Amino acid sequence: MSLNFLRNIVFIIVLLLAQTLLLNHISVFGCATPLLYVYFALTMQRGEAKWATLLWCFFMGLLVDIFTNTPGVAAASMTLVGFLQPYVVELFAPRDSADDLRPSPFTFGSSKYTNYTIILVLIYCFTFFSLEAFNLYNWGQWIACIVASTIITVVLILVIEYFRSKR
């Protein structure tokens, strides 16, 4: 087994445990829930095969669906983010960077990484809450959930990246 495969398995387990045991019990104003597991899709390498990225993201979403009782919502949303992630990486990656580039504030720069994170987390939250609600009856609550969850998730990811860069 490759080191990258083991890294992905351990990262999935850590994010899944954090999400199911801690973060799912946090609800700010009844609409904002940190969805940290999307961080897995954000850290996929640039040179990873697109099918592998899709498969890893689907697997992560499926596990979240199993443990949080959201039938197919997280899997579909993570698969969409896994599909779009390589293209969004290309928007922000330096032109002369290596093929095995792993997105981070160090490799992209702080502002570019923040924009990269906001784009993918916003796409994820929009898809997740749209599939979860599956109607626009209460569109104010729907928009509040998307915006608030995006903000809290992006802040949490940036804080984690800040502490990872300090070590």
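In this predicted model, the contact between helices α4 and α6 is built on the α4 side from Val 73, Ala 74, Ala 76, Ser 77, Met 78, Leu 80, Val 81, Leu 84, Gln 85, Val 88, Val 89 and Phe 92, which meet Lys 112, Asn 115, Tyr 116, Ile 119, Leu 120, Ile 123, Tyr 124, Thr 127, Phe 128, Leu 131 and Glu 132 on the α6 side. Sorted by class, the residues of this contact comprise 17 nonpolar, four polar and two charged ones.

Two packed helices are described by the angle between their axes and the distance between the axes. Helix α4 covers residues 73–92 and helix α6 covers residues 110–133, and the two pack at an angle of about 155° with their axes 9 Å apart. Because angles over 145 degrees count as roughly antiparallel, α4 and α6 are described as roughly antiparallel to each other. The crossing in which α4 passes α6 is right-handed.

Helix α6 also packs against helix α7, which spans residues 139–166, and here the angle is about 140° while the axes lie 9 Å apart. The crossing of α6 past α7 is right-handed. From α6, the residues Tyr 113, Thr 114, Thr 117, Ile 118, Val 121, Leu 122, Cys 125, Phe 126, Phe 129, Ser 130 and Ala 133 take part, and their partners in α7 include Trp 142, Cys 145, Ile 146, Ser 149, Thr 150 and Thr 153, with Val 154, Ile 157, Leu 158 and Glu 161 also among them. This contact of α6 with α7 divides into 14 nonpolar, six polar and one charged residues.

Turning to the loops, is Arg 46 buried or exposed? Arg 46 sits in the loop between α2 (39–42) and α3 (50–68), and its relative accessibility is 19%, so that this arginine counts as buried, the cut-off for that class being under 20%. The side chain of Arg 46 makes a polar contact, at 2.9 Å, with the side chain of Glu 90. Leaving aside residues up to four places away in sequence, Arg 46 touches Val 89, Glu 90, Ala 93, Pro 94, Ser 97, Ala 98, Asp 99 and Leu 101; of these, Val 89 also belongs to the α4 residues that meet α6.

Asn 69 is exposed, with a relative accessible area of 67%, and its phi is near 60°, a positive value in a residue other than glycine.

Terms used:
Residues numbered from 1 in each chain as written. Predicted model: local features only at pLDDT ≥ 70, side-chain atom pairs only at ≥ 80, totals over all residues. Heavy atoms only, no water. Axes fitted to C-alpha atoms, helices over the stretch in contact; angles between N-to-C directions. Helix = DSSP H or I, 4+ residues; strand = E, 2+ residues; numbered from the N terminus. Parallel < 35°, antiparallel > 145°, perpendicular 65-115°, else oblique. Left-handed = near helix turned anticlockwise from the far one by under 90°. Contact = heavy atoms within 4.5 Å. Nonpolar A, V, L, I, M, F, W, Y, C, P; charged D, E, K, R; others polar. Buried < 20%, exposed > 50% of the residue type's maximum accessible area, 1.4 Å probe, protein only. Polar contact = N/O pair within 3.5 Å; in protein donor to acceptor, adjacent residues only side chain to side chain.
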